[in-house]
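Subject: Structure handover

Hello,

Here is the structure we spoke about. Please open it alongside this note; my findings follow below.

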Amino acid sequence: MTKIRFNKPYLSGKELYYISTTIHTGRTAGNNEFTKSCHRFFSERFGFNKPLLTTSCTDALEMSSILMNIEPGDEVIIPSYTFVSTANAFVLRGASIVFADSYKDNPNIDADSIESLITEKTKAIVVVHYAGIACDMDKIMEIAARHKLFVVEDAAQAIDSYYKGEPLGSLGDFAAFSFHETKNIICGEGGLLVTNQIDNANRAEIIWEKGTNRVAFFRGEVDKYGWVDVGSSFLMSEILAAFLYAQLEHMEEIQGKRKLIWKNYYEGLVNLEDTGRVKLPEVPDYATQNGHLFYMVCESLSERSRLIAHLKAAGISSVFHYQSLHSSKFFSEQYRGQALPNTDRFSDCLLRLPLFFELSDSDQALVISKVQEFYKK
Ligand SMILES: *Cc1c(COP(=O)(O)O)cnc(C)c1O
């Protein structure tokens with residue numbers, strides 16, 4: 001029986017109240033009061049320019065793909081160690097995906113491997129801040145500037161995390177966040193697009209509203225609205241925005257607790273890293289951790305399987321993470337690139353431990369002691 005689950009979504013308390021407020025006003029479609037309150041929060045807290053709530057991070061990535069005018073023949077460089085949406089958003093518009101490897105000691109894209117993947121057809125580099133820990137952005141932005149490429153930050157896991165003091169999501173041309181049930185701040189299914197260039201930000205608003213200038217109309221900037229561009233229905237319903245706002249009001253508290261749990265794991269397991277038994281998350285000098293997930297990297301797939309079983313026997317649920325996209329069922333036959341050994345190693349050896357707001361000190365202590373016990377044997 002599972003005594004300690006892997007994740008438990010946290011409710012701050014006002015979610016239902018705000019949802020019922022929304023329902024009582026009758027304004028349940030997108031871009032109403034709660035959406036605007038969320039947008040204001042993101043602008044004030046992180047300085048994001050024109051943030052737009054979307055139905056998911058996946059949709060925010062798809063919006064970035066439309067905004068970059070990705071078309072068949074274009075190449076997009078993506079780390080292989082990521083969630084399928086990072087690739088699908090561009091595959092849907094006909095792009096060819098060029099997969100990059102991770103660093104040896106860090107699942108993030110190896111910035112030094114990017115340049116050799118660039119061709120005449122390359123249009124964008126998509127980075128994923130894995131576990132909310134920043135990629136090497138100065139290096140990546142410099143390469144992108146030199147080759148005139150877009151940079152998209154898949155910041156699904158990266159809310160309230162920083163690169164040299166700058167919030168993740170504010171560095172690339174576009175960024176996409178997720179409020180899926182499994183993330184730090186949630187609303188069931190939801191996302192956020194951040195557009196860091198003014199021309200794109202204005203167009204983003206149009207694509208968001210089915211290709212119309214409805215947003216400008218409601219601001220009184222045009223006297224009627226109509227079809228002005230391609231687009232889709234990317235807005236988040238006001239009902240979910242109400243849920244999300246209740247979470248954002250408690251962001252400090254949620255983040256504080258999650259970061260503390262992360263730190264406790266690190267301190268509780270660092271002896272295993274010191275003795276070379278496992279590898280713990282690397283937080284480079286330029287990065288922060290945001291308590292999104294805590295992982296350890298085992299020696300081998302079989303060691304990881306045995307550790308999962310050892311924890312399971314104690315009622316503790318631990319889970320591995322991405323399977324390399326370049327060797328997925330969908331992609332492997334069309335993959336023409338080099339071997340990506342670091343990506344494959346993280347697929348085989350990375351294990352995530354339970355991390356959620358309500359994880360008690362005693363339950364966390366049990367997880368740590370069971371991991372320690374495994375490595376004593
Ligand atoms: C969760 C996640 C996504 C997908 O987010 P959705 O909001 O579910 O669409 C994309 N990329 C990464 C790296 C993720 O962790």
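Which residues of helix α7 (residues 198-208) are buried? The list is Asn200, Ala201, Ala204, Glu205, Ile206, Ile207 and Trp208. Keep in mind that this is a predicted model.

What do the buried residues of α7 pack against? Three helices are α2 (33-46), α3 (57-67) and α8 (214-218). The strands are β1 (52-54), β8 (174-178) and β9 (191-195). After α7 comes Lys210. Its phi is positive, near 60 degrees.

Now the chain as a whole. The protein chain has 13 helices and 11 strands. Its C-alpha atoms fill a box of roughly 75 × 55 × 35 Å along the principal axes. The radius of gyration is 21 Å. That agrees with a compact globule, because 377 residues in such a globule would give a value near 21 Å.

Contacts next. Take those in the protein chain with a separation of 6 or more: 71% of them join residues 24 or more positions apart.

Burial and surface: 55% of the 377 residues count as buried. The protein chain exposes about 16,300 Å². Carbon and sulfur atoms supply 53% of that area.

Last, charges. The protein chain has 39 positive and 48 negative charges.

Best wishes

Methods
Residues numbered from 1 in each chain as written. Predicted model: local features only at pLDDT ≥ 70, side-chain atom pairs only at ≥ 80, totals over all residues. Heavy atoms only, no water. Helix = DSSP H or I, 4+ residues; strand = E, 2+ residues; numbered from the N terminus. Rg over C-alpha atoms; globule rule 2.2 N^0.38 Å. Buried < 20%, exposed > 50% of the residue type's maximum accessible area, 1.4 Å probe, protein only. Contact = heavy atoms within 4.5 Å. Areas by Shrake-Rupley, 256 points an atom, 1.4 Å probe, with all protein chains shown as cover. Lys, Arg positive; Asp, Glu negative; His and termini not counted. Charge placed at Lys NZ, Arg CZ, Asp CG, Glu CD.
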